[in-house]
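Okay, hi everyone, thanks for making time. I'd like to walk you through one model today, so let's get it up on the screen.

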Amino acid sequence: MASLLESCWLYLITHFSDFQLASLGSFFLHEGVFFLSGLPFIYLERAGYLSKYKIQSKNNTPAAQEKCITHLLLYHIGVNLPVMILSYPVFRYMGMQSSLPLPSWKVVSLQILLYFILEDFVFYWGHRILHTKWLYKHVHSVHHEYATPFGLTSEYAHPAEILFLGFATIVGPAITGPHLFTLWLWMVLRVLETVEAHCGYHFPWSPSNLFPLYGGADFHDYHHRLLYTKSGNYSSTFVYMDWIFGTDKGYRKLKALKSSGAEVVVGDKQM
């Protein structure tokens, strides 16, 4: 497996420059993972499949879904791609490399764990700031246009927010100067995580059922259903930041009521 991976990597670094791989390669990898993981949830919502696992009963209209996709393509080409191109010198300066040998899985795992922890911390505080009155009205409200999120809405946001919260994703790699392989793996995992958190479905196999500190779709869907002043659940990946600072009290109260068998209404759905 390792030799096959290194052979593939050798082909990439032989046929493409570092700049092409780090900027254009990263962009196309992001687009592929993002749309391939997010589009199926549009199909599930339209077809009504697996509806028993859908968190909210309300569905988005096809027009709303198409609007999201159109805006995403514009944002990705107009914002994400230029950022990836312009950030290349920064990552090179911080020590990013693409040469063989590939880093060991121990190094890769430790770095990605650090990235998740740093991203979650920075994202939590940035997200709370975006829920202040002025910033919510003029910036973050774009993301909250979809009170019933689906996978692709994870990156539907104001360009200023894309840059602001995008910093949380790149701060870890910028500090450590990782191998490009590690950076790509981090990007793939981060995209899959945010798509899952916005997918609108809570399956028996959802990561939050397997990892106690993981937030996931049920945790973040609650954030989208409530008014900005009362939502809470600001973390991106884990739940401990909201627990430490008490911004998940409403969510935990709701979970306790549901566990006791009481009927509660949140957003449009009786639970």
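Let's start with a question: over residues 162–187, what share of the chain is helix, and how far apart are the end C-alpha atoms? The chain there is 88% helix with 0% strand, and those end atoms sit 15 Å apart. Keep in mind that this is a predicted model.

Now have a look at residues 72–91. Here the chain is 95% helix and 0% strand, and the end C-alpha atoms are 25 Å apart. Both stretches come up in the UniProt record, an unreviewed entry, which annotates 20–44, 72–91, 103–125 and 162–187 as "transmembrane region".

Next, the surface. F19, L24, F28, I85 and L86 make a nonpolar patch of about 480 Å². Helix 2 and helix 3 are the elements that give two or more residues to the nonpolar patch, and helix 2 gives the most, with 3. Take I85, which is in helix 3. Is I85 buried, partly exposed or exposed? I85 counts as partly exposed, because its relative accessibility is 31% and that class runs between 20% and 50%.

Okay, on to the loop between helix 2 and helix 3. Q56 lies in this loop, and Q56 counts as buried because its relative accessibility is 4%, under the 20% cut-off. So what does the side chain of Q56 have around it? A polar atom of that side chain lies 2.9 Å from the backbone oxygen of A147. The side chains of Q56 and T148 are also joined by a polar contact of 3.2 Å.

L50 is in that loop too, between helix 2 (18–47) and helix 3 (62–86). L50 isn't a glycine, yet it has a positive phi of about 55°. L50 is partly exposed, at 37% relative accessible area.

Now compare N233, which is in the loop between helix 9 (216–225) and helix 10 (240–244). N233 isn't a glycine either, and its phi is positive, near 50°. Is N233 buried or exposed? N233 counts as buried, because its relative accessibility is 0%.

Where do we find a cis peptide bond? Go from L100 to P101: that bond is cis, with omega near 5°. P101 is in the loop between helix 4 (88–93) and helix 5 (105–130).

That's my tour, so over to you for questions!

Definitions and conventions:
Residues are numbered from 1 along each chain as its sequence is written. This is a predicted model: local features need pLDDT of at least 70, side-chain atom pairs count only at pLDDT 80 or more; totals for chains, interfaces and linings use all residues. Side-chain values use heavy atoms; hydrogens and water are left out. Helices (H or I, at least four residues) and strands (E, at least two) are DSSP runs, numbered from the N terminus. Buried means under 20% relative accessible area, exposed over 50%, partly exposed in between (1.4 Å probe, protein chains only). UniProt positions are given in the numbering used here, feature names are shortened, and annotations may be inferred rather than shown by experiment. A polar contact is a pair of N or O atoms within 3.5 Å; within protein, one must be able to donate a hydrogen and the other to accept it, and residues adjacent in sequence count only if both atoms are side-chain atoms. Patches are made of residues with over 30% relative accessible area and no salt bridge: like charges are joined within 9 Å, nonpolar side chains (Val, Leu, Ile, Met, Phe, Trp, Tyr) within 5 Å. Accessible areas come from the Shrake-Rupley method with a 1.4 Å probe; for residues, only the protein chains shown count as cover. A salt bridge is a side-chain nitrogen of Lys or Arg within 4 Å of a carboxyl oxygen of Asp or Glu.
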